[in-house]
Amino acid sequence: MKRTVHFRLAMLLAFLGGGILMTGLRATESPDEAAKNDAAKVASPMPTWATTAVKPKPLSEVANKGLAYLISQQHENGGWGQGGGWRSSKNGGRTAESANVEDPPDVASTCMAALALLRAGHTPKDGKYAQNVAKAVEFICSHIEKSDLKSLYVTDIRDTQVQTKIGPYVDTFLASLVLAEMKGRMPDEKSEKRMIVALNKTIGKIEDNLKADGTFEGNNGWASVLSQGLCSKGLNRARQAGLPVKDETLARVDKQAALGLNLKTGEFAAAGGMSAMMGSLGGAAPSDAGVGIYNGAAKGGALQDAVNTNRLREKEARRILADAKAAKEDKAKAQKDLEHFAEVESANQAAVGGLVKRLDDKQFIAGFGSNGGEEFLSYMNISETLLVKGGDEWQKWDKQVTENLDRIQNKDGSWAGQHCITGRTFCTASALLVLMADRAPVPLAAKIKK
């Protein structure tokens, strides 16, 4: 029954023109600059519900080189593989990197590459790499369509680096994120309808498997807190884009994101720690592998996206409270929602403050001690959190992380991890998402309210 409702909502949204219309490109570059760099638009096309939190920078030569590398690695079927590195074998062992190791395209890698291209201004119908993005969406949707209705999986591909390291359902969470940002950007009505149905199926899988504490059974991994954070981002971006994500679902992932946060210091308890600190929201969390930046960045990023969504919802809640004709139960729910929004806002402010205090802590920023896909993903989460706040902290962090990524880029335009997630697709895409964090969509309400 749940699935039928999701599908009907999907088709209704599509037929009613539910695809969000795009605004034009922000022409803040001169004609000469545009001619020199047709792939480096100042901002990717924004859907009507969103803007950018800060003025985006033109794409750098480093970023364009990374995007070109991704394009060179796309398979004919539209997907991307890991791009090298070890791969788990069926017997639970590890297969070393070599020319003979199979590297089939997988959903998570494809989602990351597609998201990087989208942020650079290439949608399935606009931009130099429009056909590449359209083929990527086709690959993602085909896997979702073939997946069963009950489990949390959207693919039958198993034992990838990303699944092993940050959770077996990361493909599902990333699919919800990238498809949410694709809404309204497909080249025609048919492909838009197909994408919306696939996205709603993915959201339905997440909601049906979400536990009361906001986690998922079997979401094991070396640093599963990172995929938990991606889940929160995906659900919130979907709601921001107008998809039917339940209020209860968002409340559950909000609660999980805030667990372990000390409201006085802005620091999170180590994942798995059972004792709550005084003044904290308490509790344990999915694994962070003992690496503080994974936990702080993933949860901080999740809270920021929750705040972005809640600021959209706040207007409606206040309207209901002010409506003399509104039903008593509706007013009670609106009041409860506003109280929840205030709690999440306070948690977010504390988490942002905690992150800012640790930006000069070299050990914290180094993560596991060397660059891996987990570090790049954590940097993306930090960037997408700080850019909403803006100001000196954002500018300092952006300069710091950009200089580091510029320095460690490989000659072929890729980035590779030195531990854990070493595959070049995930590492390159996540590094690019850090460099292009100022292009991430932020709801208008999130930017207006300070």
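The model is predicted, so local features need pLDDT of at least 70 and side-chain atom pairs count only at pLDDT 80 or more, while totals for chains, interfaces and linings use all residues. Residues are numbered from 1 along each chain as its sequence is written, and side-chain values use heavy atoms, with hydrogens and water left out.

Let's start at Asp-171, which sits in helix α7, residues 170–182. Helices here are DSSP runs of H or I with at least four residues, strands are runs of E with at least two, and both are numbered from the N terminus. Leaving aside residues up to four places away in sequence, Asp-171 touches Asp-106, Val-107, Ala-108, Val-154, Thr-155 and Gln-163, where contact means heavy atoms within 4.5 Å. Asp-106 is 65 residues away along the chain, yet its C-alpha atom and that of Asp-171 are 8.1 Å apart.

On a 1 Å grid over the protein atoms alone, a pocket is an open set of points with protein on both sides within 12 Å along at least five of seven lines, a cavity is a set where a 1.4 Å probe fits but cannot get out, and lining residues have an atom within 4 Å of a point. Points are joined across faces, edges and corners, and a volume is the space filled by probe spheres set on them.

The largest pocket has a volume of about 440 Å³. Its lining has 19 residues, with Ala-251, Asp-254, Lys-255, His-340 and Glu-343 nearest the centre. Helix α12 gives the most to that lining, eight residues, and α10 and α11 each supply at least two. The second largest pocket comes to about 310 Å³. Val-291, Gly-292, Ile-293, Arg-358 and Phe-364 are the closest to its centre, out of 19 lining residues. Here α11 gives the most, with four residues.

The largest holds about 70 Å³, and its lining includes Val-225, Gln-228 and Lys-299. Helix α9 gives the most to this lining, with four residues. The second largest cavity has a volume of about 50 Å³; among its lining residues are Lys-233, Asp-305 and Glu-384. Its biggest contributor is α14, with three residues.
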